[in-house]
Amino acid sequence: MVHVTTAALVLPSQKFVMYGSAASSRATLTTCEHGLFVGGIGAHGGEENAREDPVMVASNVIAKPVRGVGGFYAMALDTFMAMFRPPFAWREFISQSWFVARVSIVPTLMLTIPYTVLLTFTFNILLTEFGAADFSGTGAALGTVRQIGPIVTVLVVAGAGATAMCADLGARTIREELDALRVMGVNPIQALVVPRVLAATLVSLALAATVILVGLAGAYLFCVYIQHVSPGAFAAGLTLLIGAVDVTIALAKAALFGLSAGLIACYKGISVAGGPQGVGNAVNETVVFTFMALFAINVVATAVAVKVAT
């Protein structure tokens, strides 16, 4: 009797890549310059031997983060290339934009007003000591546009939007929906990842604009009706230090935040392994990695903005 084992049905015109730990835990489809081939390791054999060998264990510990970084950059490159390749998943893009906006708008409003009021209150105490309370609008605009807008966007995009996208893609991955798409000749990067990354970028822009508008409105109400600052003086001080260049830089930082958060969330979602527990771990890792990446981007972008503005 002859036993024939087939790994997958491969369409010669399509090239698919699997990223992360899921790609090394079972036989998977991957690609190279010459086309598709089937690779991976089984559940027994080499993997068990690697666990028993201390040298292999140490090398795996070192190689795991390196492999993760490489997989992330590979997926990011594939995503950027797929953005300009038709057809574009417009329905998925609109659906994901509404989904991310729905889970992010309430936390945005809940964070914006307290942060703005705290900044305005602290700054106005200092201005009152100098007898310059009429410049409270300048402080409110400076803090809201340059720092509060980006920071609140970081918190909301990382804590609400990115985790929701990661959980959605992770659930699809453990149900093997992405493998089914590959078998049918559909590229999951183009069908699922690209719409989510662009949706996160668009919603981050909208969130940054919302934070700036709501923050300035809250600062105006607090300064005028609580601290009895002249409305005309507050409005006149808004554009004293902040102009169109600062607003443009703030929106550019928000776009970078959304792009980075979307890429990290999608990578962690499509590289899930280990069932439902793996999805939970991927969501937690998404929060940590997104916070780290977005705060680093905020520091670098703020330094560049200050250099350009001066």
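**View 1. The side chain of Lys-268 makes a polar contact with the side chain of Glu-285, at 2.5 Å.** A polar contact here is a pair of N or O atoms within 3.5 Å, of which, within protein, one must be able to donate a hydrogen and the other to accept it, and residues adjacent in sequence count only if both atoms are side-chain atoms. This is a predicted model, in which local features need pLDDT of at least 70 and side-chain atom pairs count only at pLDDT 80 or more, while totals for chains, interfaces and linings use all residues. Residues are numbered from 1 along each chain as its sequence is written, and side-chain values use heavy atoms, with hydrogens and water left out.

**View 2. Lys-268 lies in helix H8, residues 244-270.** Lys-268 counts as buried because its relative accessibility is 14%, and buried means under 20% relative accessible area (1.4 Å probe, protein chains only). Not counting residues up to four places away in sequence, Lys-268 touches Cys-166, Ala-282, Glu-285, Thr-286 and Phe-289, where contact means heavy atoms within 4.5 Å.

**View 3. Ser-97 belongs to helix H3, residues 90-130.** Ser-97 is buried, with a relative accessible area of 12%, and its side chain reaches the backbone oxygen of Phe-93 at 2.8 Å. Beyond residues up to four places away in sequence, Ser-97 touches Ala-199, Leu-202 and Val-203.

**View 4. H3 packs against helix H6, residues 188-225, with the axes 7 Å apart.** The angle between H3 and H6 is about 30 degrees, which makes H3 roughly parallel to H6, a term for angles under 35 degrees.

Note on methods
Helix = DSSP H or I, 4+ residues; strand = E, 2+ residues; numbered from the N terminus. Buried < 20%, exposed > 50% of the residue type's maximum accessible area, 1.4 Å probe, protein only. Axes fitted to C-alpha atoms, helices over the stretch in contact; angles between N-to-C directions. Parallel < 35°, antiparallel > 145°, perpendicular 65-115°, else oblique.
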